[in-house]
Structure formats: C-alpha cells, structure tokens
Amino acid sequence: MDALVLTCDLDGRLRTTHATGAGLPELHPEAGRPFPMLFGPDAVGRALDLFADLRRTGLVLDRPLASPQEQGGTLYLSGWRDAEGLVLTVARAPMAVHAIAEQVAENDPALALRVRALGAVRPAGGGFPMDGASVEALFEEMSRLNSDLANAQRALAKANAELAASNEQKNRLMGMLAHDLRSPLQVVAGFAQILEERLGGRLEDAERSCLERIRESSLFMRHLVEDALSLAAVQAGRLRLVRRPTDLVQLVRRNVSMNRVLADGKAMTIELSVNDDAPRAVEVDPAKVEQVLNNLLSNAIKYSDRGALIRVTVGATPEGSAGAGPHARIVVADNGRGIPEAELGQLFQPFGRSGTLGTAGETTVGLGLYICRTIVEGHGGRISVDSAPGRGSAFTVDLPVGSANH
C-alpha cells in the first residue's frame, strides 16, 4: 500500500511523516510546512477547505484531491483530530485506512493506534471508514442480528399471548372460587347470628363468645373474598359500576351497624356522625361503596387497641376542595397506632401494606386499600389518608354527588 501518514499540530503544520510501501514521491513533506501546501497550486484550495472541515468537525474521510504530479491521478486523504493534534492518511485508493494502520504497526505501534482510531471513528453522516471486506462482514453481521431480532420478537409475542391466556384463566378461576366462597360464608355468619338471638339467655358466656367468634371470622373472611373478586375484576378490566340513586346516609348507617359486630369483639365503639350538609341522594354503586366502607372500618378495627373509639363522619366537601361539582365526604378516623410517613405512599398500591401489625395479631394481604382506590376513582372521586404513628389514621373518601362521571 503506497501511502503517507502525516501528523500535524492543530494549525495544520507537519510534525512527522511515515511512508508505507513506496510512499508518495510526488509529495514533499517537510516538518513545519502546512500540509495543504503539499498538493500544489491546483489542489491547495480544496486542501484548505479540507483542513477547515477537519478543524470544524474533527473528521474527514477519503476526501479526493488531485495529485500535484502530472498524470498522478487522485489522492484520497482521511484525517481526524485527537488529543495529540491531527493525524492524516494519504493514499492512491479510498478505504485504505485499516491497511495503512497494519503496515505502520510494524515500525511505529503508537502511530498505528492513532490510525486505527481514525479507521474506527464514525462520521457525522453515519457511515463507516471501512474497506470492502469490512463492509461485507458488517452487512452479514447486521443481517444475522436482524434475523435474531425477528426471532426474538416472534418468541416474545408468543410468550405474551401465553401469559395473557394464563392470566385470564387465573382471573377466571379466582372469580369462580371467590364467588363460590362468598355465599357459604354469609350463611355461616347469618346462622351464627340466628343461634345467638334464638338461644338468648340459655347460652353461657363461653358459648356466646364462640358464636361471636364464628360470626366475626365469617364476616372477616367475606371481606377477603370480596377483595379477591374485585382484584380479579380489576386485573381483567371488568370492574363495572352499576350506579343508581342511593341514600348515602342510610348506606353508611347499615354498614356501620354490620361492622359493630367486629368492633364489639375488641370492646370498641363506632360513633357515627351525620353533618347537616350531608348529601343523601347520590349516584353511586351501593355495593361497591359498601365494600370501600367495609375495608376502611375493618382496618380501623384491626389497627386500634381494645376499647378504642372509631369515628365515622358523613358530610360534604368544603367548597372547591374536591374539584368541580358537589361531593359527598365520608371520613373514617381511629385513634389506633397510625402509619409511618415513609409507608403512606404505598398504601393504595397492589399488595402495599403498612409494617404495623394488627393489635390482635391480624394480618393482611394488602389488597383492600388498592381496591378502595380503584372503586372510588372509578366513581370519579378520590381517597386520601392522614396518619402518623401514635395519633391514629383518618381516611377520607370524596364521591361526586351527580351523574356527570358516568
């Protein structure tokens, strides 16, 4: 390979010259001479343009320049700017940088590294300074990678389809199991209540306690089953809200009465307060709103000590505090253990739960509040919490009164 390797300072003045093959005898490089002057008066203008481009962009590849010798043909100059200055190759054929680097390596390994770096750098236009063999190898490698990518995409699409089918089967199974469990649990709780009412004074304290425990456990399990049903519906995208005009105050009264069974087991008091501004006729899904209240009240009971007071307040939101339109507000507040600030952000996420244990050792899977948030936001409302260790928790539910969010 007949070529020259030139090193220059940033002003383009020659520092060193290294010839490969027979060199380029028509050029007469001298140290300190500006390299554009090597190409004679006919090509010096284009050489100066090349130098300007090299200073501006840091890279020039296979720029053709006329040889200063008559019938000398065309010379191809490549160069780039590195930490040491400028390094340039001049050859009689394009795409010769890699071959020149191999020849230079025999005598000057350090210079060869700079030339190889020139051969490896990408131009701004996205091309590569490669010879024909390198381009062919790169094309083969790109074809192989493209084929591998297509195969991976097909495998991923198949895996996603199988995963979606498996998830659908899992959701269907969860829904079937939860539905089949819900009714028997309600029957158990109902019969326990009937036995307690009919036997009345004939029951000893221990027997009455057993019936209460049966009823409490049945209601607790029913809450878990409701959560499982709702989770399956949410994950399958089938959580439907059947809104109808509902007396919200009556709904809350009924729910509080039902949860007093659980509260009595820990000698707790649930106090219901209805504000004068409390909306009564609201457009909601009553079963889903009851599920929200069940979760909030069971949590308050779970994380409060024996003898605690739980306050449930029904009213309206302060004007402008819940967005456009009137909103009903339900607050469930307890004086239990409270929740650390670091855990508040994850409470409404799936399987998010506080590290605080129930006061009677109760456990949770962390679905209740996630489902509460899904139901409330499905109504166009919002749910929030205010809590701190030692001062209990207050969960606030704001629900739009009208039907604008259907």
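Arg92 is partly exposed in this predicted model, with a relative accessible area of 35%. Buried means under 20% relative accessible area, exposed means over 50%, and partly exposed lies in between (1.4 Å probe, protein chains only). The model is predicted, so local features need pLDDT of at least 70, side-chain atom pairs count only at pLDDT 80 or more, and totals for chains, interfaces and linings use all residues. Residues are numbered from 1 along each chain as its sequence is written, and side-chain values use heavy atoms, with hydrogens and water left out.

A search of the whole structure finds 13 salt bridges. A salt bridge is a side-chain nitrogen of Lys or Arg within 4 Å of a carboxyl oxygen of Asp or Glu. One of them joins the side chains of Arg92 and Glu26, at 2.9 Å from N to O. Arg92 sits in the loop between strand E5 (85-91) and helix H2 (97-105), and Glu26 in the loop between E2 and H1, so the pair ties together parts that are 66 residues apart in sequence. Helices (H or I, at least four residues) and strands (E, at least two) are DSSP runs, numbered from the N terminus.

Glu26 is buried, at 8% relative accessibility. Its side chain also makes a polar contact of 3.2 Å with the side chain of Ser67. A polar contact is a pair of N or O atoms within 3.5 Å; within protein, one must be able to donate a hydrogen and the other to accept it, and residues adjacent in sequence count only if both atoms are side-chain atoms. Glu26 touches Ser67, Pro68, Gln69, Leu75 and Arg92, leaving aside residues up to four places away in sequence. Contact here means heavy atoms within 4.5 Å.

Asp247 and Arg280 form another salt bridge through their side chains (3.4 Å, N to O). Asp247 belongs to strand E6 (residues 244-247) and Arg280 to the loop between strand E7 (269-274) and strand E8 (281-284), so this pair ties together parts that are 33 residues apart in sequence. Asp247 is partly exposed at 31% relative accessibility. Arg280 is partly exposed too, at 42%.

Glu271 and Arg311 also form a salt bridge, with their closest N and O atoms 3.7 Å apart. This pair links distant parts of the chain, with Glu271 in strand E7 and Arg311 in strand E9 (residues 309-316), 40 residues apart.

Ser387 is found in strand E11 (residues 382-387). The residue is buried, with a relative accessible area of 7%. A polar atom of its side chain lies 2.8 Å from the backbone nitrogen of Ile339. The side chain of Ser387 also reaches the backbone oxygen of Gly392, at 3.0 Å.

Helix H7 (residues 286-302) has 17 residues. Its first and last C-alpha atoms are 24 Å apart, close to the 24 Å expected at 1.5 Å a residue. The expected span is 1.5 Å times one less than the number of residues. In H7, 16 of the 17 residues are buried, so the helix is largely enclosed by the rest of the structure. At the start of H7, a side-chain oxygen of Asp285 comes within 3.2 Å of the backbone nitrogen of Ala287.

Arg253 lies in helix H6 (residues 248-264). Arg253 is partly exposed, at 39% relative accessibility. Leu272 and Val274 are touched by Arg253, not counting residues up to four places away in sequence.
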